[in-house]
Every structure is written in C-alpha cells, then in structure tokens.
Amino acid sequence: MNRPAAAALLSALLSAPAAAAPDLSPDALLRDHLWREVRQAPASRRPKVGLVLSAGSLRAVAHVGVIHALEDAGFPVDMVAGTSMGAVIGAMYASGLPPKRLRDFATSINVGSGNNLTAASLISLLLFDKLLSSENTELLLRKHIGGARFDQTLKPFACVAMDVYTGEKVIFRDGDVATAVRASMNLPGIFRPIEYRHRFLVDGGVVDYIPVDAAKLLGAEWTIASVTETDYTTSRPENVLESLLQVIDIRGSYLSREQRKQADFIIEPPVGDIGMFEDHRILEAIDKGAVMAAARLEAAKESLILASIPKLRAGWGPKEAKPE
Amino acid sequence: MRSLSCGVWKGHFLALWLGQPLLILLLMAGPARAWRLWGEPSDKKIRPVQELADARKSAEVVAALTPDFMQTLRGTDLRQAYVLKGDGLSALGRVDEALGVYQLGVRLFPKNVDLLTRQGDVLHSTGLDEQARAFYLRALIYEPRHFGAHLGLAEIDRRLGFFDRSASHYEIALETLEKRADVWRSYAETLLAQRDWTTAELAIARAISLDGQNADGHVLTAFARRAQGDLPGALAALDEAQARGAGVGARRARALWLVEAGKPAEALAQADAVLKEVPGDGAALWARARALISLGRDSDARRVLANLADPARFDLAARAARGLGSALAAPGDPR
C-alpha cells in the first residue's frame, strides 16, 4: 500500500465513530438492579403485567414491533388483551408464536387477507349492500394457532367485540379463539355481523379501542398498552368507505381518551398516517413499533419497577441476608 | 514453425491496427475518466498536510487547507484535502464546519465512500440518524463491505433497538476493524442486549486480549457474568475493572450487586465509599437503604430513604425511595 493510501486508511480508522462505554450512571445502574429484582421475583411479588393491543387495522401490525422489543428486553407479560387487528396479533402471541413468526405473518398479509374481497364482491357491496364475509380471518388464524381455545393459550388472552344489536361490549375469555378474534375484527359496514352465542358481533374497536378493561378482567394489575390510533387530521376521505372508516376512527379516538388514562404505560408508534389499504407500508409500521418501544423501554421498566416496589419489599427483610 | 510465427505476427499487427483507434476513441470519448487507466492525477501537494494530520496536528491541518490552497489541488489530492479538513475540524470540535466541508466534498466526489461515511458520522454524532443512515447506505452501494458505513449503521440500529441488525453490521465492520477493542466492546454490548451471553463473552474476551488494561472490558465481563447468574464472578470482574482504574461507576455497581449477592454489610461499606466520593449519589443511597433493611435496621433505612426522597429530586432513586418509604411506613410492616 502506498503512503497516502496507508495514511488515508489510518485516518479513516481513527475517525470512525467512537464506541459507547457501559452506562454506569446512578439511574442506569439502579434501574438495572431493580429490573433484575422485578424479573427474578416470583409472580406473587410483582404486579401481574397485562399487554394491551389496540385496534387500528393495518396500522396495528406495529404491535409486532412492540412485542419484539419487549421480548428482546425480557419484559414480563403475564396476559394479553386485544381488539380487532390487536386481537389477531395478541391471539398469536398469547398462543406462543415467537416475534419472528409474528413478523412473518404480518408481512404476508395484504388488503385482501382475512376477507373475500374481490372485484365482484366489492361491486356487490357498493351496488347491492351485500356485505363481505370475514370467514377468511378465521381460516388465516387457524393456520397459525389451530383450533386453540382460550384456556389453551400459553398466556391468558381476551379480545373484544361489539353486539351490533344491543351496542354492548363483549369480552371473550373462553371458547374458540379464532371465532372470537374474527368477531373482534369484523369491521361494521364492510363485513356481515357474525352470529355467535346468540349475538350479532362486529369489530370491538367501536366500543373498546384500547381494551385495558379486558386485560384487567384477566387479572392484570399493571398494564402496558400499544396504541395505534389513526391521525385523522391528516386524512381526507374521498369515498363512502373512507368516510365510514374515518367516522369509526374519530369515534374510537374519543372513546380511547378515557382508556388511555386507565393504562399504566403507553407505547404509541407513529403510524397514524398509515391507511388501512396501504399494505406496502407494513414493514415500516413494524419497524416504527419496534423503534418506539425501544425508545420507551427504559421508562416502561421504571414504571413497572415503581409499581412493584411495595410487593418486592416483602422479600427484603433480614432473612434474605446470607452468612458472610 | 515458420507459419506459426507468421500467424503470431499477423495477430499482433491486427491487434495494433484495431487497438490504436480504439484507444484514441476511448481517450477522446471520456477524457474525464481517462485517468482511470493509470490512476488519478496527483501533484503530491497534499503530502505535507497529510503528515500534519498523521501527527494529529488538527489545527495546523485546518490552517494549511485554505480555500486558495485547495483550489490548486486536483484528483486524489483534492479529495483527500476535503477528508483531512473535515477530520481536522471534527477533531477540534467544530462539527458544523466539518459537516459543511464533507457536504461540499460529497457534492464534488459523490461516489467517494470516505466522504460519504464521514458525513454520515457527523450527522450520527449530532443525533440525525435518519440522514446519517442515508449516507451510510449510499456508501455501501459503492463499497458493500465498507467498515465505516457498517459501523455507523451498527450504532444507529443499536440505538433504535434493532439488535440483530446491529450485530450483523458490527460483524462486517470487525472484518476490517479487528484490532479495535472498543468496537469489540460495542459489539459485545449489542449481544448482551440480545441476551446472547456466550457470543458476548467471546467478543469481550477478544476486546480484553486487544486492550487488557481498559476497565470497560472487565465491566462488560461483570455484566455478562451477572446476567448468567454468576454474581461472585461478576463481582470479581468488577474488582479487575477497579484494579485497572475504573471510575466510581464500577464501585456504585459493586454496592448494588453486593445487595443482590446477599452481602449487606459489604454493600453498606461499598455504598459509604461511593458516598464519600459522590455525596448524595442516588444509587449508593439506595444500596445503603436496602442493605440496612436486609440487616433489620429499618429505622436507619427510613432515615436514608427520607433523605433520598427529597421532593426536589426526580431521579429514579428518589422516586423509588418515595415508594419504598411508604411501604416501610405502612401499617403491618414486618419490622
């Protein structure tokens, strides 16, 4: 190597970005120390953690990124609740599918997944008010979780639908998972209501966009919610379908204001501008979920640590001391 | 034999007959690119400046590379001048000016990976990771395994929480930077975040073999051992780090980890030592309070916590102390 080239390489080597040293600041070390205590404590000595996955159609695939980041960090999740697309991802996660498979699933879906959307069915919908069927959602889910029942999932799971005749919120905690999840993401105005257990069920996002209450019903004492609301201020509906969806989103966001207050911690990936037909942005949504979760992780840990201290304290007595 | 020799001559003649016009055409068609045939033009004017840069005399490098002087340079000299001036300004902490120089350099030499990665580095160092990523990716188009671009992308992905992608970039960067202990340590930190303890320990061992006197490698060993449940091993590694001049952070960690190891008396002594160095240190005060609770001295612990829970403090230790103070004072407290 000639001299200028060698010098250039040396210069390049020296100027490469400096690596970070381990963070030994008081807060970082204390967080790490207390987090270890939370992770190692028996379940009775920390709050039961509920992961809440909001509705949000295609945007909600961002939950996959959030779950991936939480799993990477070893964040304890004792139970899962979801609505609509949050229910689909939540059901798979609660059934034991690892984040990589969730990602594979999410990247494989498109606008036509989970329904019988074809040119003919769309014309029937628009001209003759013939609603689409969401049966494919159930079939798609069964491919991944089989015929699992709620009492067979690895983590307790609940999902939410709405009875379109009574307007009641229906929280499913037993029976067949795939049917309940299908009901939970059965978008009104597009899909036929599902008749199940003497009720006519449509998407739970209308009444329970962020199902914190469902997680609490499962016994969660501390909830972390992944919220993928639409930013309806940026969208301009241009047809009947988009107008309908916009109204549902606005209604959902009004409802979710209260639900946000009930969650102990919120991770909100910036996916509000992703429309329900933009399936080419799925990877972007997943990555945004992962990035936001990673950015909020330390704060989430701190929140759970502080909530755990009263219970952890019970094991900090003199008996813990080992002979020295 | 004669006919063969004759054939060879004919072949040479044909090659010359066809080759000469081709060469002339090539030179006429692309004079700007013709230097590629024998290398970029260089008047060697950059050499004295390069020597200043090699001697790390950044201020002199910047002073030497005046706009007037740079106008006299061409080819590799000019490209290297932008690199050296940018590096010099960066080393002097004049990051904004360095960015301007690299930007100008990239406009003139848009395919130069050194300038592209340096612009990425400056943007990355100022937190503009998305813009930095674009420059690193552009550099990888021209040199797919460029260590600087991969190192920058590794750091960005680690910051964003994409540990698997980050580890892959580090692995490529380390093919070139295999002697850089700090990069091995960063790679190890990424692996620790992924909870890949075994590979992390191998990476740390490599870092220590390259730079055994650096305390950070031993601190990382301590974290890796503790993560695998080997607290005595972790404490021993912290001692190694302290023997190599680790700062108060290692002693702070030791105080907390002695609590975890169920050695409250030692934890108390270590916490007191840290508090002598850093009065009011949140982690040390917490370690002190926890050690006192473990020793059954709850009233002493409450005093420490009351001090720590000062309403003017908002660090984690203070917030945790408020919670623990309430729990200690709660009725039915098993004192």
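Why does A:A220 count as buried? I looked up its surroundings and found 26 C-beta neighbours inside 10 Å, so A:A220 counts as buried. My cut-offs: buried takes 20 or more other C-beta atoms within 10 Å of a residue's own, exposed takes 12 or fewer, and partly exposed lies in between, with C-beta atoms placed from the backbone.

**Ground rules.** This is a predicted model, where local features need pLDDT of at least 70, side-chain atom pairs count only at pLDDT 80 or more, and totals for chains, interfaces and linings use all residues. Residues are numbered from 1 along each chain as its sequence is written, while chains are lettered from A and ligands numbered from 1 in the order in which they are written.

**A:A220, continued.** I placed A:A220 in the loop between α9 (212-217) and β7 (222-226) of chain A. Helices (H or I, at least four residues) and strands (E, at least two) are DSSP runs, numbered from the N terminus. Next I listed contacts, meaning C-beta atoms, placed from the backbone, within 7 Å. Setting aside neighbours within four places in sequence, A:A220 touches A:K48, A:V49, A:G50, A:D78, A:M79 and A:A215. I also checked A:Y165: it sits 55 residues from A:A220 in sequence and 30 Å away in space, C-alpha to C-alpha.

**Chain A overall.** I counted 11 helices and 8 strands in chain A. Of its 324 residues, 45% are buried. Among contacts between residues at least 6 apart in sequence, 77% join residues at least 24 apart.

**Helix α4(A).** I went through residues 85-94 of chain A. In this helix, 10 of the 10 residues are buried, so α4 is largely enclosed by the rest of the structure. The buried set includes A:M85, A:I89 and A:Y93. Just after α4(A), I noted a positive phi of about 105° at A:G96.

**Interface.** The contact between the chains takes 44 residues from chain A and 61 residues from chain B. On the chain A side, α1 (3-15), α2 (26-40), α3 (62-72) and α11 (282-312) each supply at least two residues. α11(A) gives the most, with 9 residues. By class, I find 30 nonpolar, 5 polar and 9 charged residues on that side. Nonpolar covers Ala, Val, Leu, Ile, Met, Phe, Trp, Tyr, Cys and Pro; charged covers Asp, Glu, Lys and Arg; the others, Gly among them, are polar.

**Confidence.** The predictor gives the complex an ipTM of 0.80 and a pTM of 0.82. Where pLDDT is low, predicted coordinates should not be read in detail.

Methods. Contact = placed C-beta atoms within 7 Å.
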